[in-house]
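The following exercises ask the student to read structural features from a model. Each task is followed by a solution in steps.

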Amino acid sequence: MRFLAWLPGWLGRHRYALMLADAVAIGIVGTLVVTSLTDDGPVDLEPGEIRILSGLDSSTGRQRQVLIDQWNLVHPRNKATIVELPADADAQHAEMVAQAQSGEDDIDVYNLDVSWTAEFADAGWIRPLDETGLDLTGFINEPLETCRYDGKLWALPFNTDAGLLYYRTDLLATPPGSWKDIRDAVDKALGGGSTTGVAAGYTAQLAAYEGLTVNALEAAQSVVHGSIVRNGRIDTGVVGLDELQEAVDRLRPTAGTPQFLLPESLEYREDQSTEAFRDGKVLFMRNWPVAYRNLVQSTAGEPTPGPAAAAVPFAVTALPGPGVLGGQNLAIAKNSARPRAAQALIEFLTGDYSEQILFDRGGFAATRTIVYEDPAVRRNHPYAVTLLHAIQLAKPRPVTPCYAKFSEVFRTAVDKALRDDERLPPDIIDTLNAALSNC
Amino acid sequence: MGVRGTPGWGWRGWAIAGVCVLGIPGAAAAWLTVWLWSKGTRGAEIATVLALLVGVLGFLLAVLVALGTFAGKFPPVRRGRRPALVGAATGLLVVLAVAAWFLAPAAEGVVVRVLGCGHPVQLRVLSSPEQLAAARRLAGGYEQWTVGRNHGCQRAGVHVYAASPREVVAAMASGWVGTALRDVGPRPDVWLADSAAQVERAKDAGRTFEASAPFVRNDLVAWSPLVLGLAGPDAAALADGMSGLPWSGVFDEAVRRGWDVVRPDPVQSTMGQLGTALLYGDATRARTVEQRVGLSLDQGGYPIADGLEVLCRYRQLRPARTAVVVSEQALVRFNAGDPLGGGCGSRDDPRTGDEVLRAAYPSDTRGLDLRFVQLGWSGSLQQREAAAFGTWLTGDDGRRVLLQVGLRPRDAPAGDPLNERNGVLARATFPREEVAATVLDTALRTYDSAKRRGRVLLALDGSGSMGATAGPGQGTRIQVAARAVSSAVTLMGARDEFGLWIFPADRGGTGTREAVPIGERAGLVGAVPRPQAVRDALDFVPAGNTPLYRAVVDGVAALGPSDRTRVSALVVLTDGEDTTSDLTPARVRDEVAGRQVRVFVIAVGEATCSTVALDEAIAATSGHCVDADLLSIDSQLSTLFGVLWGVSG
């Protein structure tokens with residue numbers, strides 16, 4: 001041990017330096033230990049509350065709040081709060097736009113209807129997401145595309161939606177694949193005389209609100225087998241006045257027997273059409289997936305009879321043509337003081353786990369493919385595969401900052417044509433193009 | 001350039017000239033920038049960059065001129081020419097400034113043509129259910145007006161929505177945050193209030209709760225006097241008999257001649273409140289008035305609702321001898337066949353001949369005073385646009401639209417459609433004075449004590465689905481409902497009656513059970529006070545199916561009919577469809593119709609007002625249904641019980 005004989009002397013000479021080094025080392029280790037014990041996420045998230053402006057949480061059991069509670073548990077420095085707005089989409093839009101135009105930093109995240117993303121991006125009310133390290137591969141492509149505008153990614157899809165065709169399994173042997181199939185099925189089932197309680201073949205949401213725009217767009221898409229808008233203008237290469245007229249005629253109440261469209265459909269929104277179908281008034285109904293759960297009464301504490309044992313036995317299939325994509329996207333407010341924290345929250349809310357909770361427990365259509373592949377989900381929700389297929393076929397509403405204007409102009413023209421039994425105005429294409437480009 | 005014997009301007013002259021000549025494009029670009037930003041026009045960012053570039057260039061050139069002059073690179077200007085040059089430069093500056101002032105809009109037009117319209121400024125406009133249609137027309141008129149003055153671009157996007165007087169006061173008191181945003185609507189930039197009294201109440205409530213809304217502007221916009229509408233072959237004779245009489249005399253005369261008199265509900269309607277104050281005259285008449293009006297409402301199957309819903313029922317019924325207390329504006333809309341909302345959502349044929357409701361103007365009648373109220377809790381863009389909306393509303397263009405919707409604009413003569421064809425007298429006079437909130441509040445307190453007592457049976461869904469969670473931290477649905485019911489029961493007046501049924505009766509899932517028998521607040525249930533008995537009864541575990549229709553039919557039968565002293569009502573709170581009643585919608589309707597019991601439904605969760613049987617039961621009993629969010633059961637029940645028990649606070 002002679003070779004260490006120098007050590008005591010060396011330690012004695014450098015005792016103060018060694019004490020300082022010890023203190024520094026203990027400080028560093030202590031800091032690391034404390035930090036690891038109280039870790040609340042990446043250290044570069046700006047501290048402070050994250051406020052989300054969103055429409056009413058209509059999920060079963062308020063699953064959005066459940067997810068927020070979970071986030072808050074592990075992110076005490078970035079607790080999130082949902083500021084809820086009414087269920088009415090127009091009221092939500094008005095409050096969100098006013099909030100964005102105010103220039104204040106009260107809101108960090110907007111839960112935008114998919115058709116508003118372009119408007120908010122164009123106006124500079126939201127900021128592009130930081131795509132560094134962002135894994136987008138798990139999202140279904142169609143809802144993810146509604147988050148892009150002008151070459152940038154502005155949001156992540158929170159929940160999606162696509163229309164389904166509901167049909168009576170006691171009156172039809174096979175699901176229809178086209179409008180002709182639907183017409184033929186109605187003629188066959190109702191043509192021979194009265195079928196108990198059935199008043200007409202088809203119902204949908206044709207009151208003068210956004211539902212009419214969606215149904216008319218879907219009818220037009222079924223005529224041309226694709227989207228009618230391309231690069232912000234009506235795609236006259238595939239659709240003209242005749243095609244639009246044919247689409248409107250498909251939704252028109254007609255005299256005679258059997259009646260194809262239930263005439264009251266012109267006053268129907270989602271709930272009323274569900275009730276008409278539940279009461280056995282029609283063979284077919286176009287509606288969103290949420291109607292499925294309402295029809296089977298799958299509520300906690302009560303037996304879940306399933307579609308075959310519901311008040312009217314039914315099943316669902318894809319629409320006879322591409323549907324219209326619905327849903328909501330989460331975007332970061334331009335004036336947010338904590339954009340990185342907001343993005344982290346958005347990534348959490350749109351992750352695999354959150355999407356599974358939202359779909360399985362809450363009834364919101366998930367935006368990630370993996371949720372639909374889960375055997376338990378498929379068992380609990382037999383329509384999951386059909387829904388995924390419908391989402392993948394669906395087309396987004398026209399991507400333009402002027403969507404609200406377009407929708408109003410389009411549905412006003414269709415509503416007038418349906419109610420007054422008229423043809424569409426000859427200049428409808430020009431009118432729609434004007435609305436699409438100038439609001 | 002120098003002239004012999006006359007020292008030049010030197011560097012100062014050249015610098016001034018340089019700044020004037022070269023800085024002016026910068027100034028013009030800066031002006032355009034300010035203009036575009038102030039109007040929110042698209043391209044303002046580009047103009048800003050341009051302005052900065054030109055301005056910086058001008059400044060640099062001016063500096064160069066100055067330095068060059070110092071260095072003697074520029075010959076001095078003769079002193080004799082200095083005043084002329086300064087004058088020319090100043091003149092040029094003025095001319096260009098004036099040109100910029102006038103050319104800015106044109107420049108903006110060019111920008112709009114190239115880049116398209118900017119995003120409209122969003123305005124949120126609050127109205128009452130009775131004024132919603134009129135407010136939407138006013139908003140539409142303003143939007144179009146901005147298009148005409150903004151290079152074809154809509155400058156304002158106006159969202160109009162409605163809330164009841166009680167909701168508005170509560171939301172204003174809260175500072176319009178939290179549940180107000182969710183349950184009432186967006187935070188308004190503008191409130192088109194039905195009366196100054198409403199505004200006063202909102203201000204008072206704000207002061208009480210120390211969350212007062214920022215009232216920036218409160219202007220009178222238009223009037224509409226309260227009238228008694230009469231139609232049918234006997235109307236002319238009755239109108240003659242009423243000539244010159246005050247409201248109390250008009251009412252007595254109508255009753256003496258065997259006419260029914262219906263009035264909007266004073267708890268829900270501003271015209272109902274004013275009508276109540278005017279009909280009472282003094283408090284001693286209140287009970288007589290309420291009994292007569294109550295019976296008229298029951299016999300005609302009128303809803304306990306606002307003026308438009310009462311008129312809607314009148315339109316459906318076309319009764320022979322019924323007088324209606326409404327505003328002149330509502331009467332004009334009725335006669336013109338305008339949509340009235342609810343079950344009268346579509347346009348009807350205009351009334352003609354004897355079917356025209358003719359307005360009688362009692363000698364002491366007063367008017368509703370529509371107010372433009374600007375609230376200052378939004379950003380500067382909204383503030384500017386809201387102010388512009390107010391200016392438009394009180395200008396010629398706004399007055400024209402006010403008249404079109406049946407109002408009498410302030411400071412303008414009445415004209416079409418206020419004419420005899422629509423049943424009104426344009427020349428009718430009434431005091432243009434606001435009715436104070438204290439007068440209306442006194443009338444409402446009198447109404448509370450004079451109105452018929454409310455006999456209410458609550459049928460509560462206790463099926464298995466009510467055991468589902470209502471959301472994080474909320475407990476189960478039944479727990480949310482229990483809290484709401486316990487709170488609402490405290491609103492009972494001393495004379496009112498309340499009972500509680502729960503369906504299903506047992507785990508077998510059929511029938512109903514009486515949890516608390518119907519009785520007055522003071523009456524004991526066993527040895528327990530009624531409110532406590534209700535709270536105790538609500539502590540149970542929900543289970544079983546949903547015999548909803550059976551509960552409706554049996555509840556109506558048990559209540560007994562409304563009469564001169566009481567109004568009977570069944571309130572159903574359910575979260576699902578009927579599963580076990582074995583009753584068809586037609587059977588439910590037949591069982592409840594004609595029993596003088598009103599059916600009200602609060603549908604939550606999977607339940608919906610669109611259910612055929614509920615819809616028909618409600619229509620057959622002049623009741624009402626609300627599709628409610630679970631978290632708003634509390635406010636919905638309080639509102640409903642307030643209507644039935646007359647809580648006017």
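A salt bridge is a side-chain nitrogen of Lys or Arg within 4 Å of a carboxyl oxygen of Asp or Glu. The model is predicted, so local features need pLDDT of at least 70 and side-chain atom pairs count only at pLDDT 80 or more, while totals for chains, interfaces and linings use all residues. Residues are numbered from 1 along each chain as its sequence is written, chains are lettered from A and ligands numbered from 1 in the order in which they are written, and side-chain values use heavy atoms, with hydrogens and water left out.

**Exercise 1. Salt bridges**

Task: State how many salt bridges the whole structure holds, and describe the pair Asp415(A) and Arg419(A).

Solution. 
Step 1. The search over all chains gives 52 salt bridges.
Step 2. In the pair Asp415(A) and Arg419(A), the closest N and O atoms are 2.6 Å apart.
Step 3. Both residues belong to helix 17 (residues 403-419) of chain A; because they are four residues apart there, about one helical turn separates them. Helices (H or I, at least four residues) and strands (E, at least two) are DSSP runs, numbered from the N terminus.
Step 4. Accessibility is judged with a 1.4 Å probe and protein chains only: buried means under 20% relative accessible area, exposed over 50%, and partly exposed in between. Asp415(A), at 16%, is therefore buried, whereas Arg419(A), at 37%, is partly exposed.

**Exercise 2. A bridge between distant parts of a chain**

Task: Where in chain B do Glu385(B) and Arg155(B) lie, and are they buried or exposed?

Solution. 
Step 1. Glu385(B) and Arg155(B) form a salt bridge whose closest N and O atoms are 2.9 Å apart.
Step 2. Glu385(B) lies in helix 14 (residues 380-393) of chain B, and Arg155(B) in the loop between helix 4 (132-148) and strand 2 (156-162) of chain B; the pair is 230 residues apart and links distant parts of the chain.
Step 3. Both Glu385(B) and Arg155(B) are buried.

**Exercise 3. Backbone geometry**

Task: Identify the peptide bond that joins Asp416(B) and Pro417(B), and give the phi of Asp150(A).

Solution. 
Step 1. Most residues other than glycine have a negative phi, and most peptide bonds are trans.
Step 2. The bond between Asp416(B) and Pro417(B) is cis, with omega about 5 degrees. Pro417(B) sits in the loop between strand 9 (408-409) and helix 16 (437-450) of chain B.
Step 3. A cis bond also runs from Phe503(B) to Pro504(B), with omega near 5 degrees. Pro504(B) is in the loop between strand 11 (497-503) and strand 12 (513-520) of chain B.
Step 4. Asp150(A), which is not a glycine, has a positive phi of about 55 degrees. The loop between strand 5 (148-149) and strand 6 (152-153) of chain A holds Asp150(A). With a relative accessible area of 65%, Asp150(A) is exposed.
Step 5. Gln596(B) likewise has a positive phi, near 55 degrees. Gln596(B) is placed in the loop between helix 20 (585-592) and strand 16 (597-603) of chain B. At 34% relative accessible area, Gln596(B) counts as partly exposed.
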